[in-house]
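This briefing covers a helix pair and the metal sites of the structure shown below. Please read it alongside the sequence.

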Amino acid sequence: MAEPLHCYRHPKRETRVSCATCGRPICTECMVATDVGIKCPDDARLPRGARAGVMKRDQVVRSVLAGVGVAVAGIPVAYVLFLLPFTWLISAAAGYGAGVLINRAGGRNGGPLAIVIAVLATAVPFLVLLAPNLLAGAFNPRPLIAMVFAVIAAGVANRQI
Ligand SMILES: [Zn+2]
Ligand SMILES: [Zn+2]
C-alpha cells in the first residue's frame, strides 16, 4: 500500500484520496465528488465550463466560420428587422439564434472566445447597416438599441453553464 497521504487542507489528517485535477491529497471531509472523479474544493469550485469550455482547434475554426456566416447572412436579416415593429425584441431573438448557432458550431463549449465570436458576428450586420447613417452624422438610437439587444442575446447564448 502507498504511504498514507495528508490532506493539504488538514495536514494532520491522513487520507488515500487525491484530487483528480491537481493531485493534491484531500481528506474525506474536504473531497468533493464530481462527474469526473473526486476533487479538492478548489478544483470542484471551478464552473463546469472552465474545463469543458476550452474549444479544440477545429471547433474554433467552425465557430469562426459560423460567425462569418452569421455576419453575412445577418445583413439582409438586420435590414428587414429595421423595417419591422419591435425591432429590439426580434433582434434579441435573432441574436440569440445566431449565438446558439455559433455555440453549436463550437461543440457547445461556449466560453469567452465563443462569446467574442458571437458578439462580433451579431454586431457586424447592424454596423454595416448603421455605418452610412453614423458616417453622415445622423444618430438614430433605435437600431443601436436593437444591436445591443442582439449582441447581448448572442453572448448569453454562449455563456458557460
Ligand atoms: Zn485539486
Ligand atoms: Zn481536509
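Helix 5 (residues 112–135) and helix 6 (residues 141–157) pack at an angle of about 160°, with their axes 8 Å apart. The model is predicted: local features need pLDDT of at least 70, side-chain atom pairs count only at pLDDT 80 or more, and totals for chains, interfaces and linings use all residues. Residues are numbered from 1 along each chain as its sequence is written, ligands are numbered from 1 in the order in which they are written, and side-chain values use heavy atoms, without hydrogens and water.

**Helix packing**
- Helix 5 and helix 6 are therefore roughly antiparallel (angles over 145 degrees between N-to-C directions).
- The contact (heavy atoms within 4.5 Å) involves Ile115, Ala118, Val119, Thr122, Ala123, Phe126, Leu127 and Leu130 of helix 5, and residues of helix 6 including Pro143, Met147 and Gly155.
- By class, this contact of helix 5 with helix 6 has 14 nonpolar, two polar and no charged residues; Gly counts as polar.

**Zinc ion (ligand 1)**
- Cys19 (SG), Cys22 (SG), Cys40 (SG) and Asp43 (OD) coordinate the zinc ion (ligand 1) at 1.9 to 2.3 Å; donors are N, O and S atoms within 2.8 Å of the metal (3.2 Å for Na, K and Ca).
- The site of the zinc ion (ligand 1) is tetrahedral, with angles of 105 to 118° among its four donor atoms (all angles must lie between 85 and 135 degrees).
- The donor residues of the zinc ion (ligand 1) follow the spacing C-x2-C-x17-C-x2-D.

Note on methods. Axes are lines fitted to C-alpha atoms, for helices over the stretch in contact, and angles run from 0 to 180 degrees between N-to-C directions. Helices (H or I, at least four residues) and strands (E, at least two) are DSSP runs, numbered from the N terminus. Angles under 35 degrees count as roughly parallel, over 145 as roughly antiparallel, 65 to 115 as roughly perpendicular and the rest as oblique. Four donors count as tetrahedral if all angles lie between 85 and 135 degrees; four count as square planar and six as octahedral if opposite donors are over 155 degrees apart and all others between 65 and 115; anything else is irregular.
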